[in-house]
Amino acid sequence: MAAFVGSASGGRRVAHPSPRVSAVPRAVTEVGASARRLTQWRAAAAGQTSTDTQHQYRKATAPIAGQKTGTSGLRKTVQEVQRTPNFVENWIQALFNVLSESRDAASAAACVLCLGGDGRYFNREACDVIIRMAAANGVNKIIVGRDGIMSTPAMSALIRARKAAGGIILTASHNPGGPEHGDWGIKYNIQSGGPATEALTDKIFAETLSITEFYLNDRMEPTDLSCVGTKHCDDGFCVEVVDPVHEYAKLLETVFDMNRLAAFVQRPDFSFVYDGMNAVSGEYAYRVFVGRLGAPADSLRNCKCLEDFGGIHPDPNLTYAADLARILGALPSGSEDRCSEKRPDFGAASDGDGDRNMILGANLFVSPSDSVAVIAEYAEAVIPYFQVNSITGVARSMPTSRALDQVAARRGWSCYETPTGWKYFGNLMDAGRIAICGEESFGTGSTHVREKDGLWAVLAWLSILEYRSRSAPSGSAPVSMSQIMQEHWHKYGRHYYGRHDYEKVQSDAADQLMAWLRSFVGSEVSAASQEGACNFTVDEFSYVDPVDGSSASQQGVRLLFTDGARVVFRLSGTGSSGATVRVYLERYEPPRAPNESASAADSRLARDVTVALDPLVQFVAQWTSIHARLCRTSPDVIT
């Protein structure tokens, strides 16, 4: 008999009959490379064998090509996942096989895993499969978000708060969703709450290449994920359905001064707009911004979590969140009249799984590279968490602009440069070497969790605005985003920055471009440009983790110009088909000189990014012939 226990908020207790689930686990079998099984400890603990149960739960399968995780998880099109038998089952069994290698009988007996995702199409079906497989593989307990919902930063918070062994996140992040043109994805986060290490994902991939069986309890009734509570099965396995927001919201209360933020957000002379892109952050936004801070409900747009995101591509940038940027007047010059009407003071958006953010002001787009630098500059003054946990170091991914380096140098902090992928920040966080980190791909975060965190970044910026507006004369409007950025550039200089994405290009063409670029590594190059000769050296970024000594190579080819400008070429690992080539462009303008007037400084530091970077863009297009090589006339996305 299974029982469903209502939530503490008064849900009624309802008993549901369920088929008998054997308390005797299956014996460990030796089948090809998949000889390691999580249930070994259960058979040993019971002092019994269970050939009958073993055969009942065992399902035959065969390896599926291409189940290798990218930068952050495995991502494929929905259609490929659905037309491939056992796609989910193979990867999950490979995960369980690998986890079994490192767990002894005592630790496995208390194995608790978390489960949830971004609400995209096919997640509900995947949740059911994973729960049944967990039951058959000796997992003690699954904690799953109501309706299978859990943002990525909330998952990290839940894993840490509940001391779980790890968490399975069903997300393709900022990729589109839906049955026809959508993507689906899955990834595993470890006990720290952060993404699985590359060593772990390599082991999972190796298992998928030789898997011949998986284990699934198909006698279980489907778990009702719509009600908070706990469902117990006879063999000790249970499923706990939890409020997906509760643990995360509780954590935010310990990080920010929510009472000050509430008073600020409710000011009649302050307005902001948050766009949830019809993805997972919608419920979190309502609970935090409206429920806790008291913001008007109409401050939120696209905050209903839909399986296809309402047709929106949930990637918060100036291309896919153009409607929000238009409301703020933050689109590039020439797109519209930036000053034609009163704009909201502040705008923000998050992506599919809630870990990315875009920050806007009235007539202003704040690049992610500048955003993490400004947050770091103010963090100890405006965020209570950093008044207890002081900052000694920061980190950024290599393609991210060097704006954060300028702040770290002045503050005396260590500044680490890592490959792209949040997993590289985890060791630095756990070792106490960094407190804040960020990526140019709209990811920002801190040690409060081990993932990038979209809402955290929004609340950090609101904290900066609240702090700066405290000292404003009585009756005056809040300090503007533009003023904060102007002051920052005057103090530290400005890293004009852009990223050009060529999406779903032919893999062979992308590989050939990278091979051609690598042929120059170690060379000093002089090439003609519209402004004369361009001189630069070429290298390829590699990384050795200062904590555990692990290494990563071929992380991006860099052109390092003698004037301090920089261009990076890199293949992205976040797409579901074809290849994505990213080109990162950066040039530095020094800070305001001691005798320089503010207007003269602004003429250098407040230029339109497109205009400031245009000579570099034109040179790269000419020297690399990138459009001809990739059979494109222009980038698909410019940020």
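Modeller: The following account takes the pocket and then the nonpolar cores. The model is a predicted one. The second largest pocket holds about 800 Å³ of space, and 38 residues line it. Nearest its centre lie Phe 365, Arg 494, Asp 608, Val 609 and Thr 610. Several elements each give two or more residues to this lining, among them strand S16 (364-366), helix H13 (368-382), helix H18 (481-492) and helix H21 (609-624). Strand S21 supplies the largest share, seven residues. Sorted by class, the lining comprises 18 nonpolar, eleven polar and nine charged residues. Domain 2 (248-469 + 479-492) and domain 3 (494-638) each provide at least three of the lining residues.

The largest nonpolar core has 79 residues, of which Phe 256, Tyr 274, Phe 289, Phe 346 and Trp 461 touch the most other members. Helix H17 (residues 454-470) gives the most to this core, namely ten residues. Because both domain 1 (53-242) and domain 2 (248-469 + 479-492) give residues to the core, it lies between them. Tyr 274 illustrates the packing: leaving aside neighbours within four places in sequence, its contacts include Phe 289, Leu 300, Arg 301, Leu 455 and Val 458. Another core, of 45 residues, lies apart from the largest one and includes Val 78, Ala 126, Ala 165 and Val 239. In soluble globular proteins, nonpolar side chains tend to be buried together.

Terms used:
Residues are numbered from 1 along each chain as its sequence is written. This is a predicted model: local features need pLDDT of at least 70, side-chain atom pairs count only at pLDDT 80 or more; totals for chains, interfaces and linings use all residues. Side-chain values use heavy atoms; hydrogens and water are left out. A nonpolar core is a set of buried Ala, Val, Leu, Ile, Met, Phe, Trp, Tyr and Cys residues joined through side-chain atoms within 4.5 Å. Buried means under 20% relative accessible area, exposed over 50%, partly exposed in between (1.4 Å probe, protein chains only). Helices (H or I, at least four residues) and strands (E, at least two) are DSSP runs, numbered from the N terminus. Domain bounds come from an automatic or database domain assignment. Contact means heavy atoms within 4.5 Å. On a 1 Å grid over the protein atoms alone, a cavity is a set of points where a 1.4 Å probe fits but cannot get out, and a pocket is an open set with protein on both sides within 12 Å along at least five of seven lines; lining residues have an atom within 4 Å of a point. Grid points are joined across faces, edges and corners, and a volume is the space filled by probe spheres set on the points. Ala, Val, Leu, Ile, Met, Phe, Trp, Tyr, Cys and Pro count as nonpolar, Asp, Glu, Lys and Arg as charged, and the others, Gly among them, as polar.
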